[in-house]
Amino acid sequence: MMTLIARTFRSPRHTTHYWEAGPADGPLMVFLHGWPQIGLMWRAQIDAFASEGWRCVAPDMRGYGGSSAPITTEAYALNELVDDMVALHDHLGARPAIWVGHDWGCPVAGALAAHHGARCRGVVLISVPYFPEGFALPSLLPLIDRDLYPANRYPDGQWDYYRFYLTHFDQTVGDMDADIPATLASLYRPGNPASTGQISPSALLTLNGGRYGSAHRAPPMAPDPALWPPADFDALVDAFRPRGFRPANAWYLNDAANIGYMNAAPDGGRLGRPVLFINGDWDAICDINRSRLGEPMRRACQNLSLANLPAGHWLPLERKSEVVEAISSWLIAEEL
């Protein structure tokens, strides 16, 4: 087991806390977490790749963990998140890296590759595909499976939760902050094959009056130790206690700015570097095999590889070693 070293990079605009392992002169691999995570979620993947000689770095993204959490909503726009990673990359020596993203980390990795291609050797996107026009509701709604989600009943399909964050932001934050350990335990559940082809709970927030309905708080629930090792889950809870979910949820509030940023990318946001997308077969929101969600990515990536794993949305936690194997096979095949 490699030892993860906690480090902090400070600049006038931002402070980034990050975890590092592996030889300082090894090829660079940067892991970008999403919502609602911290850099420690990549422990298994960092351990594997650092042991193979990679220099692995996993930052706490803006608003999370030990990194800065600005007050304004605009501070969580995609251009700010990418600029954080550009500054961190410079601090790390700026050698072209393999950028690995999960969930909201995927839009950041994709945008960085689109705007700063020279910083990338390749990109791995896990669970959330690449949207060259921006990961934003206007980009997502045309791709909804209207057989499963008729527009008259589910206008926003599985993205209803996203809409609810926009329309009921303070309530959403308050409901999640009411019992932070229970909220995190309730969110991190493994995928279920029986959920395929069924209405996702994420489509029901508006109908139910919130993620937790009239209770306005998560039910008491024990965390799943198969996903987060207990000590890491405790660290996750501790990371959310000082600030709650407001900074993390603010990532959802910048659709117009994010679309504008992606529209300004060179070559229409097309990615010339090799891209690997790892799909969860039982991901009720983002699975690309039973929806059109992968179409923009297929059009925009010059060299796209696909891998499928039997899991839900939390692939790096649900299928720790299989994610490593998928990335390793791709690195070999692409001679990266």
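**Figure 1. Charges and overall form of the chain.** Lys and Arg count as positive and Asp and Glu as negative, while His and the chain ends are not counted; the place of a charge is taken as NZ of Lys, CZ of Arg, CG of Asp or CD of Glu. By this count the chain has 26 positive and 35 negative side chains, and the centres of the two sets lie 2 Å apart. The model is predicted, so local features need pLDDT of at least 70 and side-chain atom pairs count only at pLDDT 80 or more, whereas totals for chains, interfaces and linings use all residues. Residues are numbered from 1 along each chain as its sequence is written, and side-chain values use heavy atoms, with hydrogens and water left out. The chain contains 14 helices and 8 strands; helices (H or I, at least four residues) and strands (E, at least two) are DSSP runs, numbered from the N terminus. Along the principal axes, the C-alpha atoms fill a box of roughly 55 × 40 × 40 Å. The radius of gyration, taken over C-alpha atoms, is compared with a globule rule of 2.2 Å times the number of residues to the power 0.38. For 336 residues a compact globule would have a value near 20 Å, and the 19 Å of the chain agrees with this.

Figure 2. The chain exposes about 12800 Å², of which carbon and sulfur atoms supply 53%. Such areas come from the Shrake-Rupley method with a 1.4 Å probe, and for residues only the protein chains shown count as cover. A residue is buried under 20% relative accessible area, exposed over 50% and partly exposed in between. Of the 336 residues, 57% count as buried. A contact means heavy atoms within 4.5 Å. Among contacts between residues at least 6 apart in sequence, 77% join residues at least 24 apart.

**Figure 3. Trp35 and the largest nonpolar core.** A nonpolar core is a set of buried Ala, Val, Leu, Ile, Met, Phe, Trp, Tyr and Cys residues joined through side-chain atoms within 4.5 Å. In soluble globular proteins, nonpolar side chains tend to be buried together. The largest core here has 121 residues, of which Trp35, Trp159, Tyr162 and Ile278 touch the most other members. Not counting residues up to four places away in sequence, Trp35 touches residues including Tyr64, Trp104, Tyr165, Met176, Leu187 and Trp314. Trp35 is also joined to Pro36 by a cis peptide bond, with omega about -15°. Pro36 lies in the loop between β3 and α1.

**Figure 4. Met176 in helix α6.** Met176 belongs to helix α6 (residues 169–177). With a relative accessible area of 1%, Met176 is buried. Beyond its neighbours within four places in sequence, Met176 is in contact with Trp35, Tyr165, Thr183, Arg211, Phe245 and Asn249.

Figure 5. Helix α7 (residues 180–187) is largely enclosed by the rest of the structure, because 7 of its 8 residues are buried. Among the cover of these buried residues are α6 and α9 (230–240). In helix α5 (residues 160–167), the buried residues are Asp160, Tyr161, Tyr162, Phe164 and Tyr165. The buried residues of α5 pack against α4 (137–140), α6, α8 (205–208) and α11 (255–263). Helix α1 (residues 43–51) has Gln45, Ile46, Asp47, Phe49 and Ala50 buried. Their cover includes strands β2 (15–21), β3 (28–32) and β4 (55–59), together with helices α13 (315–318) and α14 (320–333). Gly53 follows α1 and has a positive phi, near 105°.

Figure 6. Most residues other than glycine have a negative phi, and most peptide bonds are trans. Ser127 is not a glycine, yet its phi is positive, at about 85°. Ser127 is placed in the loop between β6 (120–126) and α4, and is buried at a relative accessible area of 1%. His216, also not a glycine, has a positive phi of about 55°. The loop between α8 and α9 holds His216, which is partly exposed, with a relative accessible area of 35%.

**Figure 7. Asn258 in helix α11.** Asn258 is part of helix α11 and counts as buried at 2% relative accessibility. Leaving aside neighbours within four places in sequence, Asn258 is in contact with Ala77, Leu78, Trp104 and Trp251. Asn258 and Glu80 are 178 residues apart in sequence, and their C-alpha atoms are 9.9 Å apart in space.

Notes:
Buried < 20%, exposed > 50% of the residue type's maximum accessible area, 1.4 Å probe, protein only.
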